[in-house]
Amino acid sequence: MKEMIYQTVCPGCNMGCGLYIRENEDGKLAVDFMKSSSANLGKLCRFGMKLPYHYSKSVSMVDGKKASVEYAVKIASDRLSGEDVCVNVNVALLGVGNTTNEESLAFNKIADRMGTIVNTGMGVYSELPTECHPTVGVGVTLNDIENVNRIALFVDPYIQYPLLVRRILAARKNGAYVVSVGLRDLHLADENRYIDPDLYESELGLDSGSVIITELHPNTDTGWVRRMLNLALRTQAKILFMKPFVNAAGVDLLCKGAGQKGIPEIMDGINEGNIKTLVVLDSDPIELMPDSDAAAAILKKLDNLIVITSRDSPVNRIADVVIATEPQYAKAGSFMNVEGRLLNNVHVYGDNNLPSGTAGIDALSTLNQYLGGEAMDYQTLHNKVLESIVRKYTKPKYKELACQVLDIGPVEGQKGNLIYLYNPFMWFDQPDDNDFVLVNMNMVKKLGLRKGGMIALGSDVGTVNIRYRVENMPDGLILSARKLPVATGWITMVSTEAVL
Ligand code: SF4
């Protein structure tokens with residue numbers, strides 16, 4: 001039996017791990033390793049291995065009823081041609097980078113047509129001087145990490161960006177010293193430090209042969225990003241901002257414009273009635289916001305919610321219009337990973353290389369034409385991508401930035417700071433076996449938690465009883481790698497007690 005083989009990139013994060021998806025004649029999917037992939041050399045993390053589950057196909061819908069893609073595009077254009085949209089005050093477009101550069105560029109052209117911009121959801125960019133953007137956008141190469149003398153680690157690679165672990169271990173083998181400045185002790189570090197951010201420069205021993213590994217996501221505190229940029233500037237260390245979306249670097253280069261809004265800002269705009277129409281391209285705010293129920297309730301206030309997507313995700317169920325596109329692995333197109341490398345989808349049937357799907361591009365092109373714009377085709381968009389977005393890491397060229405870091409603050413009594421350790425399963429609201437939180441031994445003793453028992457967490461939005469695991473980490477923290485119904489943000493102050 002012949003099968004389709006797709007050479008593609010894992011959508012779990014901005015590492016850009018290469019892999020093959022095999023699809024048999026019944027549509028059943030399987031993952032194969034791609035040893036020639038430069039980012040991951042054939043390895044995949046648990047999320048990558050579960051990709052057949054992730055690729056749930058979307059269905060075009062209009063007002064909750066199944067529809068043809070042509071009809072869905074027509075209705076979307078009718079709703080976008082309304083009076084409010086023409087003056088563009090009540091409309092927001094969101095594309096975080098979960099699809100190809102070519103679709104993102106086509107979406108950007110629709111935004112141009114409508115006199116607006118595509119928001120990439122990373123509100124931090126609008127709060128940073130533009131000369132900082134290249135350093136935040138594209139980091140050092142993954143190979144470079146293996147050849148530095150010192151690594152300052154501000155992420156938890158085991159949970160958040162698993163394929164980074166191999167790079168860090170390789171660097172250690174080559175003589176690098178690894179200091180983790182994260183939220184819990186990491187086995188791969190030579191040293192785990194919980195230090196005052198004001199002491200990073202004096203205590204971390206960084207220089208031009210070092211690298212700082214940190215992250216940027218839609219809920220990142222701007223003050224934190226500024227502090228990381230200052231640290232790189234003062235020490236001359238290289239810096240790498242890991243990001244959760246496969247093409248975050250690509251959309252940053254293709255789609256940014258003045259007036260960028262972060263996802264929380266867009267949600268506030270909807271909640272306050274300032275945004276009446278939202279168009280999203282492979283970006284589900286219900287998955288992306290820390291409190292899914294609150295996000296869904298806010299989205300229901302929209303007059304028009306138009307979803308253009310390759311996946312079946314929660315936002316599809318409340319959308320006015322869903323325009324379904326082919327799965328991400330089957331699209332013609334390219335992605336840019338965290339090191340600025342352009343990675344192309346390739347589509348093979350038997351012994352032949354075939355062009356991959358353009359259903360998404362075609363739908364965006366038709367929509368653009370309905371709105372009075374030009375037709376768009378894949379090859380022209382791809383050529384434009386090749387011309388415009390190839391970038392390499394550039395040394396920091398900005399000036400010292402003023403910054404104030406979000407204060408996590410001490411906790412008193414039976415309270416704790418619940419902090420999300422964002423990871424691919426969390427960004428896509430997918431089930432995982434992380435059904436526990438991490439606490440330290442002091443909290444276990446203080447609350448009298450029983451071995452094998454549970455901890456009860458509570459906040460204004462709910463309560464949850466959950467298993468716990470003990471780790472070496474600072475007092476007062478509760479770390480979670482899955483969404484919990486008590487969280488209202490990246491950090492939530494919660495009540496804690498033992499479940500008896
Ligand atoms: S590290 Fe990121 S890109 Fe690589 S397999 Fe895991 S989730 Fe996918």
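**Strand pairing and the ligand site**

Ala 456 stands opposite Asn 465 in β23, strands being DSSP runs of E with at least two residues, numbered from the N terminus. The model is a predicted one, so to speak of local features takes a pLDDT of at least 70, side-chain atom pairs count only at pLDDT 80 or more, and totals for chains, interfaces and linings use all residues. Residues are numbered from 1 along each chain as its sequence is written, and side-chain values use heavy atoms, with hydrogens and water left out.

Back to β22 (residues 454-459): 6 bridges tie this strand to β23 (residues 462-470), and the two run antiparallel. Strands count as paired if DSSP finds at least two bridges between them. Gly 458 has Thr 463 as its bridge partner in β23. β22 also pairs with β25 (residues 491-499), again in the antiparallel sense, over 5 bridges; there, the bridge partner of Ala 456 is Glu 497. These strands belong to a closed barrel of 6 strands, β20-β24-β21-β23-β22-β25, with mixed pairing. From one strand to the next, the twist averages 45°, with axes taken as lines fitted to C-alpha atoms (for helices, over the stretch in contact) and angles running from 0 to 180 degrees between N-to-C directions.

Then there is an open sheet: 7 strands in the order β5-β4-β15-β14-β13-β6-β7, with mixed pairing. β5 (65-66) and β7 (118-119) stand at the edges with a single partner strand each, so one side of each has no neighbour in the sheet. The partner of β5 is β4 (residues 61-62), paired antiparallel over 2 bridges, and Lys 65 in β5 is the bridge partner of Val 62. Helix α3 (residues 69-80) lies across β4, β13 (277-281), β14 (304-309) and β15 (321-324), at about 135° to β15. Helices here are DSSP runs of H or I with at least four residues.

As for the ligand, the residues around it include Cys 10, Cys 13, Met 15, Phe 47 and Pro 424, each with a heavy atom within 4 Å. The shell comprises 10 nonpolar residues, 1 polar and no charged, where Cys, Met, Phe and Pro are among those counted as nonpolar and Gly as polar.

Terms used
Contact = heavy atoms within 4.5 Å.
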